[in-house]
Amino acid sequence: MTYEITPFKIAVPESAISALKSKLAQAEFPDEVDFSNDWNYGAARRDVKRLAKYWEEKYDWRSKEVELNKLPHFMTKIPMDGFGELDIHFIHERSHQANSIPLLFCHGWPGSFLEVTKILPLLTKPRDGQSFHVVAPSLPNFGFSSQVRQPGFGIAQYAECMHKIMLRLGYEKYVTQGGDWGFFITRLMGLNYPQHCLASHINFPCVRPPPQKSLWYGLQYLLKRYSSKEREGLARTFWYLAKGSGYMLQQSTKPSTLGFALIDSPVALLSWIYEKLHDWTDDYSWTEDEIITWVSIYQFSTAGPAASLRIYYEASQSREESFKGTRYIPTVPLGVSYFPKDLFAVPKAWGRCLGPVVYEATHTNGGHFASFEVPEMFVGDLQSMFGKDGGAFHVIERLSS
């Protein structure tokens, strides 16, 4: 069967916008107490209340829709064994420059295709440096892609789906970029499709060092052999694991229960996501429009915001397969960018346990959403990795072989 690729326009029904405004107008908030605005307890009441009011009274989704629709959106059906045909939404922009490299940009939670918007023109129309043909899908259960209605759609299926998107577009050979769940998905693509995935760049080095190295790395930490910057990064990682990862346990065990709140209450959805935008960035100055647009992609998503949580549950149910990417993968050259306020800000020696590292960059600012926070820096890393003096420059020759 031949599957078409068709242009796509975002067109949220007016009834959905009206329902949202009605719910926001009737929203209730917790009583104010002495610690209502203490971020150690969670999202600050005054910020959530202010943003909810802005969403209700001032935010103009229709104008944002017009702006987003200037991007090259497409839709196609991807058949998945056991799951039927999934409608997959993606942004696809080809560069007009010679020797451009097909690049899959893969988001995670609570991200979306929005994370590619600032880097898209820098990658496809650079003033100088390496250029790319960029593909940025909405993962199944996210954005404007289909909801998966059967259980068992884990990281291997996400990886297969993303691989099929690249093949559908005629990219038999390509490179990948991933952070958050995009890290796990693109790493598995490299493991499962090494003849197609020629190199990967990551900005979320979630790594499980081999047991013998784990002991050695632990001793180095205790003996204070790491630099001050590396120790700050590990402190950030330990903070996340101890005080910032509770959402992950809930979403990995009982996603449906939480889903009732997120689908019924836009304020619950706003507070749940905004907490991450606040805590996971490096003092990024979010505008109200940016925050509400980010949350609105989940509010108006095809599958609904509850569906996006299930990736945690399914990944945890097939843990061994899902987290293969945290170990050494020898077949795919790897680039790693380290940002100080990411959730896994580990020493370079740890990152080298992931594979044959051909490019490394350590930055002094930037967080979990680096492509959105520091787009020029992010793009600079990709161009350096794949440029003529970069460790993955040979990829250009392999694309035509």
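Thr293 lies in helix 12, which spans residues 288–299, where helices (H or I, at least four residues) and strands (E, at least two) are DSSP runs numbered from the N terminus. The model is a predicted one, in which local features need pLDDT of at least 70 and side-chain atom pairs count only at pLDDT 80 or more, while totals for chains, interfaces and linings use all residues. Residues are numbered from 1 along each chain as its sequence is written, and side-chain values use heavy atoms, with hydrogens and water left out.

Thr293 counts as buried because its relative accessibility is 5%; buried means under 20% relative accessible area, exposed means over 50%, and partly exposed lies in between, as computed with a 1.4 Å probe on protein chains only. Leaving aside residues up to four places away in sequence, Thr293 touches Tyr59, Lys64 and Leu114, a contact being heavy atoms within 4.5 Å.

From this residue we turn to the charged side chains. The structure holds 18 salt bridges, each defined as a side-chain nitrogen of Lys or Arg within 4 Å of a carboxyl oxygen of Asp or Glu. One of them joins the side chains of Asp47 and Arg50, with an N to O distance of 3.6 Å. Because these two residues are three apart in helix 2 (residues 45–57), about one helical turn separates Asp47 from Arg50. Asp47 is buried, with a relative accessible area of 15%, whereas Arg50, at 38% relative accessibility, counts as partly exposed.

Helix 2 also contains Lys53 and Glu56, again three residues apart, or about one turn of the helix, and these two form a salt bridge in which the closest N and O atoms are 3.5 Å apart. Lys53 counts as partly exposed at 41% relative accessibility, while Glu56 counts as buried at 18%.

A further salt bridge is formed by Lys125 with Glu93, whose closest N and O atoms are 2.2 Å apart. With a relative accessibility of 53%, Lys125 counts as exposed, whereas Glu93, at 15%, counts as buried. Finally, salt bridges that share partners join Glu14, Arg62 and Glu65 into one network.
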